[in-house]
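Please look over the sequence and the structure shown here before reading on.

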Amino acid sequence: MISYELTEGNTSLIKQDKPPSDLAEGYAKVKVAGCGLCHTDLSFIFGGVQTKKRLPLVLGHEISGIVTEGTHEGKKVIIPAVIPCGTCEACGCGNPRICFHQIMPGNDIDGGFAEFIDVPERELVLLPDELDEESLARHSVIADAVTTPLQAIHNLQLKAGDLAILIGCGGVGGFAALLALSYGATVIALDIDDEKLKKLNRHGVQHSLNIKGMEGRKIKAQIRDLCKSESYPMFAHKIFEMSGTPQGQEMAFSLINHGASVATVGFTMDKVQVRLSNLMAFDARIIGNWGADPRIYPEAVQIAAKGDLRLEEFTELYPLAQINQVIDKARSGQLKSRAVLVP
Ligand SMILES: [Zn+2]
Ligand SMILES: [Zn+2]
């Protein structure tokens, strides 16, 4: 069985060919159809972020495939990026996202940059049988790039007519925009890459703004003017920070208005300086989410089935053998959409 392992930080993944393992109790063996490359994988390789299981480890946590052993044998599935145990106190309280015994493929156990993966079968998300191979591979991104912003949308209670302001419109941000549109919100996309913004406009995003070098105050004024002229809501904006940069986070905070809510989706180790009391003064809130509750995955699958996720335009498929080249492309910002590795 071919897999690509991280053996130490700051190096290429190493190709391995090992005999398949025996399946543990409660696990399913899944033949990987596709595995998305996430910013988190890059953080494990180059960012000094430690994986929970010690190296060597197969990375990759955005996985779709076909079950070859287990209860759902023959079924097409998505493997949730964070698999809760279902029995601990946190799971019992209805918040599986903070499960004490959660398992994340490519972090706690070997992940999806491989031909096969063994995963707990409890939370597998079943897909329609009629999906073709290519479409099944593209559905892998639902495991994180789609469901993580969808969870943020749930947390901010986004609804039709709301104004959603998106900061950072790459992989996850692109799907956040499409999801917000699917919910009937008006979207203002902020990024520093014209090409990404234009692509979102082509897919229905109403407004985009290249904020490269722009002062925070000016951005805020432009958004305010836009809301006035278009009769958009002037308060309670729903702000999604997905750049995972201190600049983006400061921007998100500065855009808070009365009743606003901010979702922290992007990750950075850097710190920002903010006046936290603004939350009190504006009756505003900031919410983070670690992945998504597996119970919202079927909704994401339905949104994909409607065509609202535009998976063909927002994912690009590469042979798994090219993984190290794709990682280089991701690092140098050459990827136009979410990369999916296909064994
Ligand atoms: Zn991820
Ligand atoms: Zn649990």
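Two residues are said to be in contact, or to touch, if their C-beta atoms, placed from the backbone, lie within 7 Å. With residues up to four places away in sequence left out, E250 touches V272 and V274. The model is a predicted one, in which local features need pLDDT of at least 70 and side-chain atom pairs count only at pLDDT 80 or more, while totals for chains, interfaces and linings use all residues. Residues are numbered from 1 along each chain as its sequence is written, and chains are lettered from A and ligands numbered from 1 in the order in which they are written.

**The residue E250**

- E250 is found in helix α8, which covers residues 246-254; helices (H or I, at least four residues) and strands (E, at least two) are DSSP runs, numbered from the N terminus.
- Because 16 other C-beta atoms lie within 10 Å, E250 is partly exposed, a class that falls between buried (20 or more other C-beta atoms within 10 Å of the residue's own) and exposed (12 or fewer), with C-beta atoms placed from the backbone.
- Although E250 and D132 are 118 residues apart in sequence, the distance between them in space is 43 Å, C-alpha to C-alpha.

- The buried residues of α8 are G248, Q249, M251, A252 and F253.
- These buried residues of α8 pack against β9 (163-167), α7 (216-230), β12 (238-241) and β13 (261-264).

**The whole chain**

- The protein chain holds twelve helices and 16 strands.
- Its radius of gyration is 20 Å, close to the 20 Å that the globule rule gives for 343 residues, so the chain is as compact as a globular protein of that length; the radius is taken over C-alpha atoms, and the rule is 2.2 Å times the number of residues to the power 0.38.
- Of the 343 residues in the protein chain, 46% are buried.
- Among contacts between residues at least 6 apart in sequence, 68% join residues at least 24 apart.

**The two domains**

- The protein chain is divided into domain 1 (2-144 + 292-342) and domain 2 (148-288), with bounds that come from an automatic or database domain assignment.
- The C-alpha centres of domain 1 and domain 2 lie 27 Å apart, and 14 residues of domain 1 are in contact with twelve residues of domain 2.
- On the side of domain 1 that touches domain 2, the largest share, three residues, comes from helix α10 (residues 297-305).
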